[in-house]
Amino acid sequence: MKIVMLGFVGLFLGAIVGGMVGIGLGMILINIFHTSSFEGYSGMLVFYTFMPLGIIVGALTGAVGLGFLASRSGPA
């Protein structure tokens with residue numbers, strides 16, 4: 001039960017952190033590649049592409065990472 005609960009906590013926290021990292025990387029990339037801001041194109045690119053990808057990767061990484069840490073036995 002502890003593994004499942006920590007997996008859910010990792011999923012939630014990983015999604016939050018992943019979304020923030022996705023927004024940050026998206027903002028950096030639109031500045032590097034000089035993406036047009038005409039009618040909010042650069043904002044839509046960040047929030048419809050980079051943020052969901054960051055959320056997915058962060059959630060999976062957080063859930064697997066905390067689940068793995070919870071499944072390890074303590075020192076013998």
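Helices (H or I, at least four residues) and strands (E, at least two) are taken here as DSSP runs, numbered from the N terminus. The structure is a predicted model, in which local features need pLDDT of at least 70 and side-chain atom pairs count only at pLDDT 80 or more, while totals for chains, interfaces and linings use all residues. Residues are numbered from 1 along each chain as its sequence is written, and side-chain values use heavy atoms, with hydrogens and water left out.

The protein chain contains two helices and zero strands. Its radius of gyration is 17 Å, well over the 11 Å given by the globule rule for 76 residues, so the chain is more spread out than a compact globule. The radius is taken over C-alpha atoms, and the rule is 2.2 Å times the number of residues to the power 0.38. Along its principal axes, the C-alpha trace spans about 60 × 20 × 10 Å.

Of the 76 residues, 24% are buried (buried means under 20% relative accessible area, exposed over 50%, and partly exposed in between, with a 1.4 Å probe and protein chains only). The accessible surface comes to about 5,500 Å², and 79% of this area belongs to carbon and sulfur atoms. Accessible areas come from the Shrake-Rupley method with a 1.4 Å probe; for residues, only the protein chains shown count as cover.

Contact means heavy atoms within 4.5 Å. Among contacts between residues at least 6 apart in sequence, 75% join residues at least 24 apart. Leu6, in helix H1, touches Leu66 and Ala70, not counting residues up to four places away in sequence. The C-alpha atoms of Leu6 and Ser71 are separated by 9.7 Å, although these residues are 65 apart along the chain. Leu6 is partly exposed, with a relative accessible area of 30%.

Helix H1 covers residues 2-32 and also holds Phe12. With a relative accessible area of 57%, Phe12 counts as exposed.

Ser42 is found in helix H2, which covers residues 41-71. Its relative accessibility is 9%, so Ser42 counts as buried. Leaving aside residues up to four places away in sequence, Ser42 touches Ile30, Thr35, Ser36 and Ser37. The side chains of Ser42 and Ser37 make a polar contact at 3.1 Å. A polar contact is a pair of N or O atoms within 3.5 Å; within protein, one must be able to donate a hydrogen and the other to accept it, and residues adjacent in sequence count only if both atoms are side-chain atoms.
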